[in-house]
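I opened my notebook to look up one chain as a whole, then one residue in it.

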Amino acid sequence: MENYQYHIFSPYRVCPLGAHVDHQHGLVTGFAIDKGVDLWFNVRQDSEVTLSSLGFEGTVHIDLAKRSEVKERHWGDYARGAKYALRKRFELTRGIDGLLRGSLPVGGLSSSAAVLIAYVMAFAKANGISLRPFEVVQIASEAEREYIGLNNGLLDQACIALGQKDGLLFLDCDSNEWRIVRRNPKMPAFEIGIFFSGLTRSLVNSDYNLRVYECKTAAWNMLAYQDQPLRTFDKTFLRDIPRETFDNTRDMMPLRFARRAEHFYSEYRRVRQGITAWESGNLQLFGKLSFDSCESSIHNYECGSPELISIYNIMRPLRGVYGGRFSGAGFKGAVIALVDPSCKEYIERELSDQYLKEYPEYRETFKVFWVKPDDGARFLEDA
């Protein structure tokens with residue numbers, strides 16, 4: 001983009017295994033993909049920030065040197081969130097003039113986390129602050145939790161900042177240890193299908209935060225039934241409670257909470273199995289585990305709109321689909337699939353025909369995209 005000094009590409013992400021467990025300090029996997037958010041910007045000599053967008057109306061004005069403004073429930077809140085988290089650590093004296101562009105519809109790919117990471121990197125660059133990739137992850141996650149109000153873990157930000165195109169990110173959300181698991185040369189080729197239901201969503205206004213509280217309540221139930229000391233809610237995580245404790249107490253607690261915990265413990269096992277399958281090049285097994293993850297998301301975590309469940313049920317038996325699940329929190333958004341590239345046209349045709357026959361009202365908004373794994377957020381040299 002002409003007339004801009006810097007260009008950041010912050011990718012969207014998909015998570016084939018490790019659904020809904022990062023906020024309980026579970027194990028997760030993910031890819032950064034080759035679609036995402038572009039932020040072009042120039043550095044100013046004062047602390048003002050002026051932002052415009054090719055996808056959202058209006059212009060955003062904030063001052064990095066001043067205390068965080070009240071949220072306006074507007075796309076500019078993500079810039080305010082990045083400022084909030086950075087100002088807790090650094091003095092910010094220089095702002096930017098920026099232009100933002102997203103390359104796919106919003107929903108299920110953690111576009112909010114991609115935008116936050118772009119802003120954190122841009123504001124840091126403008127102020128001569130050097131951040132390691134995992135520091136970017138932590139700052140952006142803090143902005144989303146404390147300022148935006150979404151009680152997420154580190155999954156989204158980690159995939160976006162740490163992803164590498166030739167491997168799968170494996171992150172332990174308890175220890176924050178992570179590694180890139182390289183593709184086994186024996187693994188068949190695949191691409192990632194992204195199937196947008198046509199619905200849009202906001203996680204803060206969905207049941208996302210409610211599910212987080214239900215997981216914590218399940219943990220509280222287990223501790224109480226075992227006469228263990230209760231921790232404060234913000235320090236209560238299913239990861240800290242052994243599976244054996246759940247097995248001994250699951251029949252005592254309300255079914256809703258038992259299902260949430262069952263999803264956590266079964267997903268922990270699936271991620272472990274999935275990493276082994278990935279390392280050995282067994283894409284069929286890895287895909288099956290992703291399908292199993294989605295089944296648990298539907299029946300144990302109880303997320304998934306009728307539209308998403310329909311897409312999942314249509315795609316699962318299609319030739320060339322290795323596996324897949326809801327993307328993101330799974331309330332509206334999208335479904336992802338790992339597919340044989342030679343079957344893309346068949347999959348898109350069959351899925352579109354069957355889904356739109358069931359939901360003709362989404363004919364204008366239902367979309368299919370094909371993407372590949374990519375490297376994480378970075379500065380590009382084309383500006």
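Before counting charges, I noted the rule: Lys and Arg count as positive and Asp and Glu as negative, while His and the chain ends are not counted. I took the place of a charge as NZ of Lys, CZ of Arg, CG of Asp or CD of Glu. I also wrote down that this is a predicted model.

**Charges.** I found 48 positive and 50 negative charges in the chain. Their mean positions lie 2 Å apart.

**Overall build.** I looked up the secondary structure and got 10 helices and 13 strands. The C-alpha trace spans about 60 × 55 × 45 Å along its principal axes. I then checked the radius of gyration. A compact globule of 383 residues would have a value near 21 Å, and the chain has 21 Å, so the two agree.

**Surface and inside.** I read that 58% of the 383 residues are buried. The chain exposes about 16000 Å². Carbon and sulfur atoms supply 47% of that area.

**Contacts.** I took the contacts between residues at least 6 apart in sequence. Of these, 72% join residues at least 24 apart.

Where is C15 placed? I found C15 in the loop between β1 (6-14) and β2 (27-43). Is C15 buried or exposed? Its relative accessibility is 2%, and buried means under 20%, so C15 counts as buried. Leaving out residues up to four places away in sequence, I listed what C15 touches: T29, G30, L155, R325 and I336. Last, I checked C15 against I139, which is 124 residues away along the chain. Their C-alpha atoms are separated by 21 Å.

How values were computed
Residues are numbered from 1 along each chain as its sequence is written. This is a predicted model: local features need pLDDT of at least 70, side-chain atom pairs count only at pLDDT 80 or more; totals for chains, interfaces and linings use all residues. Side-chain values use heavy atoms; hydrogens and water are left out. Helices (H or I, at least four residues) and strands (E, at least two) are DSSP runs, numbered from the N terminus. The radius of gyration is taken over C-alpha atoms; the globule rule is 2.2 Å times the number of residues to the power 0.38. Buried means under 20% relative accessible area, exposed over 50%, partly exposed in between (1.4 Å probe, protein chains only). Contact means heavy atoms within 4.5 Å. Accessible areas come from the Shrake-Rupley method with a 1.4 Å probe; for residues, only the protein chains shown count as cover.
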